[in-house]
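Dear colleague,

Please find below the structure that I am handing over to you. My notes on what was found in it follow.

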Amino acid sequence: MEDRPITLSPSLSNTHSSSEEDKTVLEIWGGASLHGHVGISGAKNSALVIMAGALLCSQDCLIRNVPALADVTRMAEILSALGVKLERQGNSLLVNASHIAQSKAPYELVSQLRASFFVIGPLLARLGVARIPLPGGCAIGARPVDLHVRGLQAMGADVQIDHGIVNAYLSGRNKRLQGAKIYLDYPSVGATETLMMAATLAEGETIIENAAQEPEVADLANFCRAMGAKIRGAGTNTITILGVPSLHTTDYAIVPDRVEAGTFLVAGAITHSEISLSPVVPDHLTAVIAKLQAIGAQIIEDAPNRLRIVPGHRYVATDIETLPYPGFPTDMQAPLMALLTLSDGDSVITETVFENRFGHVAELTRMGADIRVKGTHAIVRGVPMLSGAPVVATDLRASASLVLAGLAAQGKTTVQGLHHLDRGYENLTAKLQKLGANLQRTQLGADGDSPLVLPDPTIVTTVTKPGVTKPA
Ligand code: EPZ
């Protein structure tokens, strides 16, 4: 078998910024109005967990509509380190987990991608053992995995955390995980997904109560069902899974990214521009659309799976409280805060999902916004205008809010920390340029050197071909 190591384009070699990346910035000249249509990519938060879900199956899985993102490449690296064969075919990924050589995921990779913890459920279900480094916290919160662990223990796994590694294995004579009734103290997306995947190959029935209802959970369930899993109720707060001995090959297309779509709706509103976007699933954006309409924009479904935003002349302050789905998504809190900085009056934004997700406030304030944070509340007092400034992104959605503010600000904004942006937005610069935005990605040269204009990073994921054997 001809194994070719995974290669990543230099600018995506890690989520921690390299000195080179620190010099890569997005320069935005605000005030341009946008027009036309933008294509929405596949959902990052579906792609990552569905790639992990392919570990449940020992045959080929073709996953379509997979966005070219740094996080996707990272997950591919982790799966490959476990012995999985992956091949990128345009915007599809062919995954073959017939020979899982490893039950331990490498720390240096897991530490760069929290979502890699999702492999614990499928690995344990397939191999009866999984050893996954604790993912640790990130800029937005401590992000423990206690609900994942407790659920796996309820299914008969012995789980010990030792030297930062979560060691999970089947105890006693059990050859398979056992069906169980699991009540989640919090409707965690990740815990619901981990336990749902583990239960697909368990013995008997598992019921997950107070489950997360996010569209990405339902998308994962549809993927597992396409492989032969028996799952009911995904997308509601009670999911029932009847375990089966094995799963089979599938060809599955993931849903469009509702957070990317929401971000472009805000781009239209904040630049007072009429734009359209597709494909989208409007139902996935109900809470976001309701808030944008309350602020003063109009959102029209002008064709199946297509939305058009018609901007308002003036926007009014609106309170937002982030909640698990179908409540207002925490991933849209930062982008919408950018818009509320330019709305008349005081808006109170309450972040209830993550304990430290106001990293963008200080940078928006640098651009002239008036925001005061008190615990989990941010009080945003609308200002007549923002002014361009050098700002630094602290996390993925914070980076999006700074780009949105830059599109509306007077003068030039320079956004640093683009490795955050590249984790979750595919070709954002090119997409915004196509809509008429005045921005470019540049590499700051040594003092006095004129900056080098760069395209969006091309994310190449070349991995070993599935099932290709050296010609005899
Ligand atoms: C998923 O993270 C998404 N990530 C996040 O998107 C999203 O913000 C989040 O769900 C909420 O919608 C992916 O799908 C890869 P949680 P996840 O488990 O699964 C606590 C983005 O910007 N909790 O629902 O990690 C936890 O600390 C990212 O695209 C426990 O206490 O979210 C948090 O406060 C950011 N114990 C809350 O629950 C646990 O065992 C919600 O976390 C698990 C979670």
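**Confidence of the model**

The average pLDDT (the predictor's confidence in each residue, from 0 to 100) of the protein is 91, and 90% of the residues score at least 70. Residues 1-17 stay under 50 in pLDDT, and the model gives them 55 contacts beyond four places in sequence, a contact being heavy atoms within 4.5 Å. The pLDDT is also below 50 over residues 461-472, a stretch with 33 contacts beyond near neighbours in sequence. Where pLDDT is low, the predicted coordinates should not be read in detail.

This is a predicted model, in which local features need pLDDT of at least 70 and side-chain atom pairs count only at pLDDT 80 or more, while totals for chains, interfaces and linings use all residues. Residues are numbered from 1 along each chain as its sequence is written, and side-chain values use heavy atoms, with hydrogens and water left out.

Five strands form an open sheet with mixed pairing, in the order 21-22-1-23-24. Its edge strands, each pairing on one side only, are strand 21 (390-392) and strand 24 (452-454). Strands are DSSP runs (E, at least two residues), as are helices (H or I, at least four), numbered from the N terminus; two strands pair if DSSP finds at least two bridges between them. Strand 21 runs parallel to strand 22 (residues 412-416), joined to it by 3 bridges. P390 has T414 in strand 22 as its bridge partner.

Yours sincerely
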